[in-house]
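Student: Hi! Could we go through this structure together?
Tutor: Happy to, ask away.

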2 protein chains.
Amino acid sequence: MLEARLNEAATLKRLLDAIKELVTDANFECNEEGLTLQAMDNSHVALVAVKLKASGFKRYRCDRPIPLGVNIASFTKVLKCAKDDDVCILKANDDADVLSLTYEARNTDRIAEYEMKLMDIDADTLNIPDTDYDARVTMPSSEFGRIVRDLSLLGESVRIEVSKEGVRFISDGEAANGNVLLRDTQASTRKGGSSSKQEDAEEEDEPEEEEEDEDKPTKKKIKKEKVKKEEGEGKGEEDVEMNGDGEEDDEQEFKPKGEDDEEDEEEESSSKKRKKAPAKNAKPSKKAKKDDDDELPEGVKVEMNAHVNLTFSLKYLVNFSKSSSLSNVVQLMMSNDVPLLVSYEFGQGHIRYYLAPKIGDD
Amino acid sequence: MLEARLNEAATLKRLLDAIKELVTDANFECNEEGLTLQAMDNSHVALVAVKLKASGFKRYRCDRPIPLGVNIASFTKVLKCAKDDDVCILKANDDADVLSLTYEARNTDRIAEYEMKLMDIDADTLNIPDTDYDARVTMPSSEFGRIVRDLSLLGESVRIEVSKEGVRFISDGEAANGNVLLRDTQASTRKGGSSSKQEDAEEEDEPEEEEEDEDKPTKKKIKKEKVKKEEGEGKGEEDVEMNGDGEEDDEQEFKPKGEDDEEDEEEESSSKKRKKAPAKNAKPSKKAKKDDDDELPEGVKVEMNAHVNLTFSLKYLVNFSKSSSLSNVVQLMMSNDVPLLVSYEFGQGHIRYYLAPKIGDD
DNA sequence: GCTCGGGACA
DNA sequence: TGTCCCGAGC
């Protein structure tokens, strides 16, 4: 049985708002670690992976794994009946065909109970590969949203280029072309140096690595810092295949580049990182500006060990950017010819999107 | 001739917004007491009764009764030409076929005059029965709106149950069921079971009556406190018949339960009330929280002398709830098998809706 | 605070 | 399908 008490229904509401246009039905998988959801979008171009960690709940109990097959539209409706600051309690029995939601107003004068029907959904548990990326861009989620919305006015797709000068978003449209360049705000402040592992620690000594990279292009550094994704662990029944747009069959399949190489060897440094990383973006909402350096409020961080040049459909990126309500910060992880990972980390978990690049440069 | 000067055009604008989807044409009846409008909705399921008291106008003069037959859509258009804080002057001659509206900006720099054509409308002056209700729920109008809008996402109708635990709104839908429970916020604070009396009493001196009720469940108490509706007085040419939904002919007809009984006997106590009651909810807009007890800002009051269990079409309730712009507080008056009365009192008058319950429990 | 876009309702 | 209302962005 599942029983989870979420302090603010708003988290769930925003999550569903973020995915409702991408996914129609999906399983929320509950286990002792929390809730996860993985689904391809309806046209199989994008993949969305959500995690709500058990620790993100005020109270969480799940005796054994339960798949909750929900219709996203229904779930969205039911969640709309919650006020943002309601306490939200989710309950389901092991064999449940309904999910029970209770919303308690802060003053407890109002208690609302809903029961949503569940459905059996073919558990295409997707195996999301753990990829090492050649470039990672960390920026305010609002800025990312702004850029893709702006560029989507001009054209259908955006080319994202990461070079030592920073990250550049380029759109060619009928009537106008545009490009937006973001420099690494820290690199400019601080020169020299080998930054890598400290990045969380302080964005303060990071500049160096970039320089190193320049000198000896190795993948080492970013690998060390890579964010590992474990959602698919142990379930990889089915590898994900993303058909970029339905028109282009030669778009990138969703396969890891170097699937397991160096995995273990990196484990230690990355695990160290991993511990800190969640904490980094752990304050999703209001703390915003002038927080610790960790969140690099307002800042842009560009990490790269190889130039990256990829083209994506703006429609999807605009859609992804709806998640900015969940986190002030977004990370874009890219390698040439593999799907882009757009990741929003927030206090209770994360939401990640994978989007296959367009191949034809169109 | 009619000449009425309203301090804020906003009142009229909101009133028309509140009814424009329910009614297409109706007579505004003007007499020395003020303006009233009564109309069935187009499908004869709901009835709306509006009153603008003469005393609510900055200046009011009406020599003799005049029916102003207006097309609601036209009236709405004309009123849209007024700014919310314009002074609005209505004028009509006794035999008028036009209604003249003048909007004066606060600074009198702008004066706009409109003349709207009137029409002859069959004066189906409706006889609204004066009913004693078994339950009365007083709550923030915004909350009422929220609840019916929420539940309308799930299903077509709502069952409203008033019991000693409070009032419960229950909806069964295809994809999900939901119910919202509101407790009497004063009952918990103040014990004595009968929360009621204090409500007004505090303000006036009526508390005792409610307690009595508790002890000996009689209908007296609410009767005493009942809000009387006199709009139909002296005109009852035609009794109203509401066909619940057009599908169900066996829905409640709009007939008073005990049509005239006790009318006079109640008159005195109710008239006392009546004088005070208007003052109670007389501050429609911003005073909100922390006003007198009268408005019970944010509070929910549930008064009952018999359990009530009724089902209504959410579509109509959602429509009624548009009147929340007119008052922060709404009252629901219910008895089993008789139409629900939804009442918004504001400084200048009131708007009341009557809705026949669904009988089949569907 | 105003304008634009998206969603819901008529 | 068009209009109105609500929310988000500028």
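Student: Which residues do ring pairs link into a cluster in chain A?
Tutor: Ring pairs join A:Phe320, A:Tyr344 and A:Tyr353 into a cluster. Rings of Phe, Tyr and Trp (its six-membered ring) pair if their centres lie within 6.5 Å; planes under 30 degrees apart count as stacked, over 60 as edge-to-face and the rest as tilted. Before we go on, this is a predicted model: local features need pLDDT of at least 70, side-chain atom pairs count only at pLDDT 80 or more, and totals for chains, interfaces and linings use all residues. Residues are numbered from 1 along each chain as its sequence is written, chains are lettered from A and ligands numbered from 1 in the order in which they are written, and side-chain values use heavy atoms, with hydrogens and water left out.

Student: Thanks! How many aromatic pairs are there over all chains?
Tutor: A search of the whole structure gives 10. In one of them, the ring centres of B:Phe320 and B:Tyr353 are 4.3 Å apart and the planes are at 15 degrees, so this pair is stacked.

Student: Where do B:Phe320 and B:Tyr353 lie?
Tutor: B:Phe320 is in helix α9 (residues 314–320) of chain B and B:Tyr353 is in strand β20 (residues 349–355) of chain B, so the pair ties together parts 33 residues apart in sequence. Helices (H or I, at least four residues) and strands (E, at least two) are DSSP runs, numbered from the N terminus. B:Tyr344 and B:Tyr353 also form an aromatic pair, an edge-to-face one with 6.3 Å centre to centre and 90 degrees between the planes.

Student: Is B:Tyr344 buried or exposed?
Tutor: B:Tyr344 counts as buried because its relative accessibility is 0%. Buried means under 20% relative accessible area, exposed over 50%, partly exposed in between (1.4 Å probe, protein chains only). B:Phe320 and B:Tyr353 are buried as well.

Student: New topic: which residues touch the most other members of the largest nonpolar core?
Tutor: They are A:Leu101, A:Phe169, A:Leu317, A:Ile351, B:Phe169 and B:Ile351, out of 158 residues in that core. A nonpolar core is a set of buried Ala, Val, Leu, Ile, Met, Phe, Trp, Tyr and Cys residues joined through side-chain atoms within 4.5 Å.

Student: What is A:Leu317 in contact with?
Tutor: Leaving aside neighbours within four places in sequence, A:Leu317 contacts A:Phe144, A:Val148, A:Val158, A:Phe312, A:Leu340, A:Val342 and A:Leu355. Contact means heavy atoms within 4.5 Å.

Student: How much area do chain A and chain B bury between them?
Tutor: About 1,400 Å², with 48% of it on carbon and sulfur atoms. Buried area is the accessible area (1.4 Å probe) that two parts lose on being put together, summed over both. On the chain A side, A:Asp109, A:Ile111 and A:Tyr114 lose the most area to chain B, together 31% of what that side buries. The contact takes 18 residues from chain A and 18 residues from chain B.

Student: What is the phi of A:Thr108?
Tutor: Phi of A:Thr108 is near 60 degrees, a positive value in a residue other than glycine. A:Thr108 sits in the loop between β8 (98–104) and β9 (110–117) of chain A, and is partly exposed, with a relative accessible area of 42%.

Student: What about helix α1 of chain B, how many of its residues are buried?
Tutor: Nine of the 11 residues of helix α1 (residues 9–19) of chain B are buried, so the helix is largely enclosed by the rest of the structure. Among them are B:Leu12, B:Leu15 and B:Ile19.

Student: Last one: how many helices and strands are in chain A?
Tutor: Chain A has eight helices and 20 strands. Of its 362 residues, 55% count as buried.
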